[in-house]
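Visitor: I'd like to go through the side-chain contacts in this one. Can you put it up?

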Amino acid sequence: MDAQRSGPVRRPTPQEVAAAAGRGLADVIGPGLRVLFCGFNPGLYSAAVGLPFARKGSRFWPALHGGGFTDRELRPWEHDELLRQGLGITSLSNRATARADELTSAELVAGVTALAVKVERYRPRWVAILGVTAYRIAFVRPKAGLGPQPGQLGPARVWVLPNPSGLNAHFPLPALTAEFAKLRRELGTEA
């Protein structure tokens, strides 16, 4: 994992955020993870500071903690601690945009191929796709729902979680956290 930042970062200017369009982020990944969380793509703020889910108020970190994956709420720059917990982060597309709907279907579908390569290399037990819409498009499963999915992606099982974006009004934080907790309970039942 190539950490782009190792601690709290300066808040970017609006110009720096806008200039981050099209930039990517380094994956937070390592061998043998329990779960590799896979988002649509980096947001502009995250790309501007070089950290996943970096915007103040990101619901990913509270849902991760509230769902039982970590003993405290981690910060975006705590890559090493995230990896120690057996967790990683990647994206279907590594092109930063202001909104996920700026991605094309072709980008999302192509992202599955790149994700499969990462999964074969690092061998996580689970891949958790963060967003049912992205999963439906990328995996060409238009009727898929939340939770465990049929089949596998290489050696990993696949679980779909709600998109933690604050724009996802269908899932307030307590509902989002409850969905994360379902995956965490499934991990607890595995040998």
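Guide: This is a predicted model. A place to start is helix H7 (residues 173-189), where Glu179 and Lys182 sit three residues apart, a separation of about one helical turn.

Visitor: What do Glu179 and Lys182 form?

Guide: Glu179 and Lys182 form a salt bridge, with the closest N and O atoms 3.0 Å apart.

Visitor: Glu179 first: buried or exposed?

Guide: Glu179 is buried, because its relative accessible area is 12% and the cut-off for buried is under 20%.

Visitor: And Lys182, what's the relative accessible area there?

Guide: For Lys182 the value is 38%, so Lys182 counts as partly exposed.

Visitor: How many salt bridges does the count come to?

Guide: Nine salt bridges. Among them is one between Glu78 and Arg72, whose closest N and O atoms are 2.5 Å apart.

Visitor: Where do Glu78 and Arg72 stand on accessibility?

Guide: Glu78 is buried at 18% relative accessible area. Arg72 is partly exposed at 38%.

Visitor: Which side chain does Arg95 meet in a salt bridge?

Guide: That of Glu107, at 2.8 Å from N to O. Arg95 lies in the loop between strand S2 (87-91) and H5, while Glu107 is in helix H5, so the pair ties together parts that are twelve residues apart in sequence.

Visitor: How accessible are Arg95 and Glu107?

Guide: Arg95 has a relative accessible area of 29%, which makes it partly exposed. Glu107 is at 21% and is also classed as partly exposed.

Visitor: Okay, aromatics. How many pairs?

Guide: The count comes to eight aromatic pairs. One of them joins Phe37 and Phe69 edge-to-face, with 5.6 Å centre to centre and 85° between the planes.

Visitor: Where in the fold do Phe37 and Phe69 lie?

Guide: Phe37 lies in strand S1, and Phe69 in the loop between helix H3 (60-66) and helix H4 (79-84). The pair therefore ties together parts that are 32 residues apart in sequence. Both Phe37 and Phe69 are buried.

Visitor: What about Tyr135 and Phe139, stacked or edge-to-face?

Guide: Tyr135 and Phe139 are stacked: their centres are 4.5 Å apart and their planes are at 25°. Both of these residues are buried.

Visitor: Back to Phe37. Which residues do ring pairs link into a cluster?

Guide: Ring pairs link Phe37 and Phe69 with Phe53, Phe60, Trp61 and Phe180.

Visitor: Which residues does Arg34 touch?

Guide: Leaving out residues up to four places away in sequence, Arg34 touches Phe69, Gln85, Gly86, Leu87, Arg125, Trp126, Arg184 and Leu187. Phe69 is the residue that pairs edge-to-face with Phe37.

Visitor: Last topic, the surface. Which residues form a nonpolar patch?

Guide: Val109, Ile137 and Val140 form one, with about 230 Å² of accessible area together.

Visitor: Where is Val109 found, and what's its relative accessible area?

Guide: Val109 is found in helix H5 (residues 105-122). Its relative accessible area is 36%, so Val109 is partly exposed. Helix H5 also holds Glu107, the salt-bridge partner of Arg95.

Notes: Residues numbered from 1 in each chain as written. Predicted model: local features only at pLDDT ≥ 70, side-chain atom pairs only at ≥ 80, totals over all residues. Heavy atoms only, no water. Contact = heavy atoms within 4.5 Å. Patch = residues over 30% accessible without salt bridge, like charges linked within 9 Å, V, L, I, M, F, W, Y side chains within 5 Å. Areas by Shrake-Rupley, 256 points an atom, 1.4 Å probe, with all protein chains shown as cover. Salt bridge = Lys/Arg side-chain N within 4 Å of Asp/Glu carboxyl O. Helix = DSSP H or I, 4+ residues; strand = E, 2+ residues; numbered from the N terminus. Buried < 20%, exposed > 50% of the residue type's maximum accessible area, 1.4 Å probe, protein only. Phe/Tyr/Trp six-rings, centres within 6.5 Å; stacked < 30°, edge-to-face > 60°.
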